[in-house]
Amino acid sequence: RLLGEGSLRAARAIGRGSERYAMQVRGQEIPMHEPRVKFGLGLGYALSPTGADHNHNFHDSDYQDQSGIAPLRPFGILEPLPYNDLSPRKVRLAAVEILWNTLCNVLGMCGFVMSTMPRQRIEPLVQAITGWDTSLYELLKAAERAYAMGRYFTAREGLGAEQDRLPERFFEAFASGPSAGNRLPPEQFAQARSLLCRMWGWNEQTGAPTAWKLHELGLGWLAEATH
């Protein structure tokens, strides 16, 4: 029964420093995908409104060559990046791809299906089903609206920027195996988190979307409710 409450609540009940060993973000357990192998993925875990989620996230290993980066050309992202990159270019990629994968949830489509088709094919599919004469820009904004609302809600409920963190283990290097020595560099991670918040128009201290971002997304009613 205790473990059924999740590793975070279980660790809090057990005490004695056991929270350090609960591999979770915002109470959501870490999936099998390892941030010491995919640096940007860890950024997505930390900033997700729902915690460690690999579905509305992105996998750095997909963008290491020209064929992998090709689907992002409609968004002006043209250069492959290695899995262990956390530069501003990777943050820009994250800002687009996390929202694109959020769009899978908004549309109710399988992420595997969406990942195998050119981005431009989504427009006519949505148009045919809904009659909405939409565009890639509008669709990405719809995903951003959903993501921003999730962050607004969690911040309102007391799960703010202090929850945007990963288990300390990911900042410790693998001791052995094919990934020996790999670890998330904490300074780069902190800088990348700060930059991604600014790219999305979030308040770095509260973790919530700023009032201007809410208005830009057509969510002004939330900004007005805040005040």
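Visitor: What does the count of aromatic pairs come to here?

Guide: Six aromatic pairs. The rule: rings of Phe, Tyr and Trp (its six-membered ring) pair if their centres lie within 6.5 Å, and planes under 30 degrees apart are called stacked, over 60 edge-to-face, and the rest tilted. Take tyrosine 147 and tryptophan 200: their ring centres are 5.2 Å apart and the planes meet at 55°, so this pair is tilted. Tyrosine 147 sits in helix 7 (residues 136-156) and tryptophan 200 in helix 8 (residues 186-200), 53 residues apart, so the pair links distant parts of the chain. Helices here are DSSP runs (H or I, at least four residues), numbered from the N terminus.

A word on ground rules: this is a predicted model, where local features need pLDDT of at least 70 and side-chain atom pairs count only at pLDDT 80 or more, while totals for chains, interfaces and linings use all residues. Residues are numbered from 1 along each chain as its sequence is written, and side-chain values use heavy atoms, with hydrogens and water left out.

Visitor: How is the pair of phenylalanine 171 and phenylalanine 189 arranged?

Guide: Edge-to-face, with 5.5 Å centre to centre and 70° between the planes. Phenylalanine 171 is in the loop between helix 7 and helix 8, phenylalanine 189 in helix 8, so the pair ties together parts 18 residues apart in sequence. Phenylalanine 171 is buried at 13% relative accessible area, and phenylalanine 189 is buried at 6%.

Visitor: How many salt bridges does the structure hold?

Guide: The general idea is that side chains of opposite charge can pair when their charged atoms come close. The cut-off is a side-chain nitrogen of Lys or Arg within 4 Å of a carboxyl oxygen of Asp or Glu. The structure holds 15 of them. Among them, lysine 90 and aspartate 60 meet at 2.7 Å, N to O. Lysine 90 lies in helix 4 and aspartate 60 in the loop between helix 2 (39-47) and helix 3 (66-69), so parts 30 residues apart in sequence are tied together. Both residues are buried.

Visitor: Where helix 4 is concerned, how many residues are buried?

Guide: 14 of its 20, so read it as mostly covered. Just after helix 4, glycine 108 takes a positive phi of about 70°.

Definitions and conventions: Helices (H or I, at least four residues) and strands (E, at least two) are DSSP runs, numbered from the N terminus. Buried means under 20% relative accessible area, exposed over 50%, partly exposed in between (1.4 Å probe, protein chains only).
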